[in-house]
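I opened the model to look up its charged pairs, then its surface, then its overall build. The entries below follow that order.

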Amino acid sequence: MGKIGLPDRILRKPGALTSEEEEAVRQHSLLGSLMISQHLPELDEVREAVVAHHERWNGTGYPAQLSGRNIPLLAGS
């Protein structure tokens, strides 16, 4: 959902991304969370899962480097 907010030049880029482009891509979960909070505020648990769906059990994910049981269960990582 949050990838809607990313420019096509990044999403469709055939080669490697620059560090700035990678950072923009890493923001997509935050963009998705913002969209949910603005338009569907009653779905707070879903919003938390969206923002955390790239977190990893060992803490190497993004955007907040959550680890283990700190990752919302609905995030599915």
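I looked up Arg-47 and found it partly exposed, with a relative accessible area of 22%, where partly exposed is the class between buried (under 20% relative accessible area) and exposed (over 50%), with a 1.4 Å probe and protein chains only. The side chain of Arg-47 meets that of Asp-44 in a salt bridge at 3.0 Å, N to O, the term standing for a side-chain nitrogen of Lys or Arg within 4 Å of a carboxyl oxygen of Asp or Glu. Because Asp-44 and Arg-47 are 3 residues apart in helix H4, about one helical turn separates them; I note that helices (H or I, at least four residues) and strands (E, at least two) are DSSP runs, numbered from the N terminus. Asp-44 counts as partly exposed too, at 38% relative accessibility.

On the source: this is a predicted model, in which local features need pLDDT of at least 70 and side-chain atom pairs count only at pLDDT 80 or more, while totals for chains, interfaces and linings use all residues. Residues are numbered from 1 along each chain as its sequence is written, and side-chain values use heavy atoms, with hydrogens and water left out.

Arg-9 forms a salt bridge with Glu-21, with 3.8 Å between the closest N and O atoms; as Arg-9 lies in helix H1 (residues 8–11) and Glu-21 in helix H2 (residues 19–26), the pair ties together parts that are 12 residues apart in sequence. Lys-13 meets Glu-21 at 2.7 Å, N to O. I recorded Glu-21 as buried, with a relative accessible area of 11%, Lys-13 as partly exposed at 28%, and Arg-9 as exposed at 58%. A search of the whole structure gives 4 salt bridges.

Next I turned to Leu-43, which is placed in the loop between helix H3 (28–39) and helix H4 (44–51) and counts as partly exposed at 34% relative accessibility. Together with Leu-40 and Val-46, Leu-43 forms a nonpolar surface patch with about 200 Å² of accessible area. Such patches take residues with over 30% relative accessible area and no salt bridge, joining nonpolar side chains (Val, Leu, Ile, Met, Phe, Trp, Tyr) within 5 Å and like charges within 9 Å, and the areas come from the Shrake-Rupley method with a 1.4 Å probe, only the protein chains shown counting as cover for residues.

Last, the overall build: I count 4 helices and 0 strands, and 25% of the 77 residues are buried.
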